Amino acid sequence: MLPKFDLLIPQTLPEALKLLAEGAPDILPLAGGTNLIVDMRGGHRRPRALIDLARLEELRGIRIDDGHVVVGGGTTIAELMTDPLIADHGRPLREAAARLGNPLIRNRATVAGNLVDASPAADTAPPLLVLNAELELASQAGTRRLPLEGFIVGPNVTLLRPDELLVTVRWPIPPPRSAATFYKIGLRKAGACSVVTTAVLVARDESGSCQEVRIALGAIAPQPIRPRAAEDVLSSQSLTDTAISEAARLSAQATNPIDDVRASAAYRRRATEVLVRRLLTEMAIT
Amino acid sequence: MKPKAVTLNINGRTHHVALAPNVTLLHALRDLGYTDVKSGCEKGDCGACAVLMNDNAVNSCLVLAWQAEGVEILTNSGLGTMENPHPLQEAFADAGAAQCGYCTPGMIISAKALLDRNPHPTEAEIREAISGNLCRCTGYGQIIEAIQMAAQRMEEV
Amino acid sequence: MKYKAKPLPPVDLPELRTVGKPLRRVDALGKTTGTTLYAGDFTMPNVLHAKVFRSTEPSARIKRLDVSKARALDGVACVLTAENLPDAKLVTDMPGQTGQKRRKGSDAPVLAADRVRFAGEPIALVAAETLDIAQRALELIEIEYELLPGVFDPLEAKKAGAPVVYEPDNVVSYWKIRKGDIEAGFAVADLILENTFRVPFIDHAYIEPETGVAWVDERDVINIRVCTQVVEHFRSIARAVDVPHNKIHIQGTMLGGGFGGKEDITVEIFLALLAKHTRRPVRLEYTREESILAHSKRHPFVITHRTGVKKNGRITAAQINMVSDAGAYPYLSPYVLLYATIASCGPYRVDNLHVDSVSVATNNPFTSAFRGFGIPQACVAHEQQMDEIAKALRLDPLEVRRVNYLRTGDRNSTGQEIKSAVWLEETATRALEALGEKTPPSALPFGSAQDRLKAGDHGPIKVGQGFASYMQSYGRITWFHDTSRAWVGVELDGSVVIRCGVPDLGAGQVSSLCQIAAEVLGVPLEDVTIYSTDSALTPLAGTTTATRQLYMSGNASFQAASAVREVLLGRASKHFEEKPDNLDIANGVVFVKGDPDNVLSLAELAAMCAAEGLPLSNLALFRAPFSTTLNPENLQGDVFPDFTFGAHAVEVAVDTETGEITLLKSVACHDVGRAINPTAVEGQIQGGSAQGLGYALMEEVQVKGGIIQTPSLSEYLIPTSRDIPTTRALILESGTGVGPFGAKGIGEPSLTPAAAAVANAVSDAIGVRIRTLPLTPERVLAALDRAEADKGRSV
C-alpha cells in the first residue's frame, strides 16, 4: 500500500520545474517509479507530493550534438538497449541496460532515475563513468552541468538539489580507435541486484598503442568509482599482461565494499580484480 | 490527496472512475473487474501484474493509475476469451504451459510484446523476453514451447 | 564416460483412448484467458479488510499490549487479541486427519498471548472498512516486549541450558533406525568415509500469496473461500473458532501454487474469527513480505554420513545422523524428519544401518511441509556421499550405485518390501546417456569476446557432469489409514459429472480425474465437468500433499466411474441382447464390439436407466493399505503404499575465477508407472526440477538472530527463464504403480534428485566438493581456495 500523496502532472518541463521549486523539498519527481514506488510502499520515502515526468517530451530523445551523445533523462533503459546511437557510441551503456532488472522494469526505468536513485549498484553508472558523462541539471533558476564523476556522493545521495531535475546525460563520442565494455556479476541472470559491476574503455592512438584507459567499478563502494591509480598505471603503456594485472590489483584495492546478503566484501574485491583483468584483456585484443 | 475522475482505456473499453493518486494501476484494474491482472509482490519482482501500456509490457504495480490516462492498456483478458482465444492463449493451453496459471496472464503479456516486435524469436530471445515473469510451476520449458507454437500458428494465418 | 542404457523389460500397457494422451487439461483455457478466479479475485458485498499484527522479535515476553487506540480508530470494525479468543490453537499436526490421536503439545497459538517465539508470530487481528484504515490501525497498536534469550541453531538448542522454545528440551521429535549389525559391517569395510552436508531454509515462493474471504450466512455457517491444499481443515478451524464442525464451510479455489506451503492453516482461522465477531464478510490477503514471514519453510538439515564400503563400492555399513531445525513450532516437523530418516541411506541395499535423527525447536521461522518432505534434503546428502565414495575408490559414480541399487523384492531401510518396478539403473543410465558427452569449454555457447576468452580449454571455465538417483514415496504413511472419496455420475444428456473434494494446486489434480472418468465411461474429455474442493458439497478426498491425489482420488474416481459403467453396460446388454463384455463405449456412444454401426448414444442409455430407477452415479471410497505404527526403537515395518524411482543428470560450467555457475544441460528420467497425461507429467518433471535447480544454486531464506534477511523476491531468488535450461523429461512407464492404470506419482519425485545432481556436477567440474547449499559463487571460490591450500600442504 502506498502512503498518501498528491500527484501533479505537468505538461511541460518549465511547468514541472515550477512545481518542483514551489514544493521542494517535500516533493519528488516520479519517472519510471521502479525505485520510488517501491521505496514509498516500503515506508522509506513519504513525499507530500509527486511530479509525474513520464509525459514530458523534453526529457526524451537521444541525439548527437556537437560531438556528444545527448540522452534525455527520461529515456528508458529499454530505449538505451535498442537505440542505434547508443549501439555505436555507448556500447558499455547498452550492455549494462541489457543486464539491468528485466524487460518489464526496463520499459519504465529511466537513466535519470537510475542515476538519481544512486544505489551503489546502479548499473548505468559505471558505463557512463568510463564514457566521461556529464549531467545537465535544470531548475527554475537555470541549468548547470556537472560531471557524473562525483555526482553520486554516497548510497542514494547525490548533488542534485531538491528543486532540480536531471534533464540530460551527455558524453563525448568516444575516440575512433577506442573500445569499451561492461560486465555484471549477479546471483542470477535477470532481476538481480548487482554484486559487482565493471566497465572499461580503452582508447588507442594512430599507432595502436594505448592512449587512455578508463575503468569504473560499481556495487563495491558507497558510490561507483573510477580507480585512478589503476588507470594511471596503464596510461601511455602497452596493455601487457603484467600491466593489466597491476591495474586489476589496484582496482580491487580501490574498492570499499560491504558484506551483505548477496556477497561478502572479500568476494567483491576479488571479483573486481578478475573482471578488470578480463575486460582489459578483451579490449586489448579487440 | 483528493481523488479525481480518471478515464482509463482498458482492452478497448473506456472507464470513468474516481481514484486517489496513490492507487496503482494494478489495483485500479482489479477493482474495475480485470482480475486477470494478478498481484504477486507489488514491487516489480514477479511480473504477475504485467499489462501492455501503449504496446510496452510493464509491471502495473509500479504505475500509478493517474499515469495511465490517455494510454491504451491491454490485459490478458483483452487478448481473447474462452470462446475466442488469442493464439497465445490457445498455445499456452495446448502446450501445458499453464499449471497453476497464476503467472500466466503476465507471461502472455510479455509474450505478446515479444511477438509484436519479433514474430520469429529464437529460444534465447524468448527467454530474455519473459525473464521478468517468474514461474514457480513449469520450469519455463512448456511456456517457451507455447510461445514458439503461437508464433508459428500466427504466421500460418 | 559413455553410457548406454539396456533395453527395458517388456511392459504390457494397452493403448487407451483418453488416458495416456497429451490432451489439453480441463482447466487450461480458463487459466490462459484469465477467466479462472483465484482466492484473491473474490469479494463479498460490505466486505471488511483484515490485517495481522505480528511480532518483530524472535524471542520475547509480551509485557504490554494495548489495542485501544486501534479499536477506537474510525472505520475499524474489530481488533482481536488472544484475550478475545476461545482457547484457540492454530495448527493441526496432521492435516486432514480423521480422528487420529493428535500429537501432544504440537499446537501453535492462533494469536500469541504472553510469549512470542518467532519474528512474525501473529499477535492481533484487525478488520476495517478499508485496507488503509486497517494498516493505520496496526500502527496504533502499542506493544512492549521483554526480550528473552533466543536460540537460533538447532545444534545449540539441543544442548543443556539452551533457552527452551519447546518444552522440556527443544527436542520436537526423534527417530532411529536400527537394522543389522553396524559394528560387523564397519569391521569388514575396505574404506570408511565420513562427510557432513548442510541445506538451508527454503521458501515455497508460490506466485499467489495466501488470500481468502469469509462470511457468515443465514445458517450461522462461516463460509471461507481460500486457497488451501486441505479442505478438511474445517474441523480444526471449527475448534479454534468454537463452533460446531458443521458450521465451517471451506470453498477451496484453484491455487496459484502450493508446494506444501498452503498445507497448514494460513489465513482461515483469522478470517473465520473476524467474520464471526463482526458478522460481516472479511477479506485477508498477505503481501509477499508477509507471506515470506508468515508461512512455513523447508527444514534446514545437517546430515552426517559415515559409510563403510568394499573396494567395489558395495556398502557394508551406514551410520547416519540428521538434525533438522523445527523452528518455533513443530507443525509437521516430526513427519518430515521421519521421511528424511527413512530416505537417509538412499535407494540402496544397506543391510547394516543406523540412523539417528532429531528435530529441534529454535526461535527461527517455523518449518513444515515442502515438496519432497525431507527426502530432497536426504538426497542432497546421500547422493553426494555416493559420489565421494566413487571418487575415493576411483570408480565410476554409476558403477558405485549399480552394486548397491535396490531391486524389486528387496526391502528398504525400514524393511518394507518394494513390490513395484525399481527402475533405478534404467533411469540413471538413460538420464546420463541423454546428457551426452561433456561439452568442451571451447564449445560453450558464450557470446562476447570476453566470454570466448575465458572459455578456452585451459581457461578458468570448467565443465562437470553429475547425477543423482532417488526413491520417493507416494501416498501417505499407511498408519494414517488414508482414504479418498469421489462421486461420478452420468447426466441425462450423456454428460459426466465428478464431485470430489480434491484441491488443485496447479499440477492438474482435477484434470487427471476427468481424464480417468472420460476413459472409463468412453466419453470425450470435454464432456466431463468436475465440481471440486468444497468441504461441504463434495466428497472429501483428503489432502493435496504427499503425492497422493492421483493415487487416492484417481483410484476413487476410477472405482466410481467403473461402477457407473457397469450399470450402464448392464442395461445396454439388454438393449443389444449382447453380453456386457461384448459392448464398449467410445465418443459418448455405446456399441457392440466388432459391429460399430450398432449403436446407442449414452444420452439415450442414461434416459433408459433413469426411467427404470437404475443408479446413474456412484460414490466410491478408496482406501490405501492400512498398517500399524512402527516400533520406535528400530523403525522396522511398512510405512508407505509404494515408491517412485528415478534420476536427474546435469551438466554445469563453473567459472573458477568468479565462482559463477551456469547450468548447461538438465535431464530427468522417472518411472511414473503410467502417465495419465504425458504433457502434464512432462510439465511436473520440468517444474519440480526447476525448484530443485534453484535449491542448488540460489535459494536461501537467510536468517540471522531469528530475523529473515531475505524479505522479498528481490533477495529470495528463484530461477528466471534465463537461469535454467529446460529439463529434458524422459518418461518411463513400468505400469506397476498402485495408482489408476498402474500409475505412480511424480509431483514430489520430480524435485527430489535435482539439487543433488547439481552438487555432484559442480564437484566434478572443480574437483572439490561444496557441502553446503546453495552453491553460491563465494562458496565455489572458498572451496577452490581450500583445495589449493590442501594441495600446498600435502606437497
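In chain B, 15 residues of domain 1 are in contact with 13 residues of domain 2. These contacts come from a predicted model. Contact here means that C-beta atoms, placed from the backbone, lie within 7 Å.

Which elements give two or more residues to the side of domain 1 of chain B that touches domain 2 of chain B? They are strand 3 (50-53) and strand 4 (56-59) of chain B. Strand 3 of chain B gives the most, with three residues. By class, this side of domain 1 has eight nonpolar, four polar and three charged residues.

## How chain B is divided

The domain assignment of chain B gives two parts. Domain 1 covers 4-76, and domain 2 covers 87-156. Taken over C-alpha atoms, the centres of domain 1 and domain 2 of chain B are separated by 21 Å.

## Where chain B meets chain C

Chain B also touches chain C. Here 43 residues of chain B are in contact with 44 residues of chain C.

Four helices of chain B each supply at least two residues of the side that touches chain C: helix 2 (87-95), helix 3 (104-117), helix 4 (123-129) and helix 5 (141-156). Which helix of chain B supplies the largest share of this side? Helix 2 of chain B does, with four residues.

How do the residues of the side of chain B that touches chain C divide? There are 18 nonpolar, 17 polar and eight charged residues.

Definitions and conventions: Residues numbered from 1 in each chain as written. Chains lettered and ligands numbered in written order. Predicted model: local features only at pLDDT ≥ 70, side-chain atom pairs only at ≥ 80, totals over all residues. Contact = placed C-beta atoms within 7 Å. Nonpolar A, V, L, I, M, F, W, Y, C, P; charged D, E, K, R; others polar. Domains from an automatic or database assignment.
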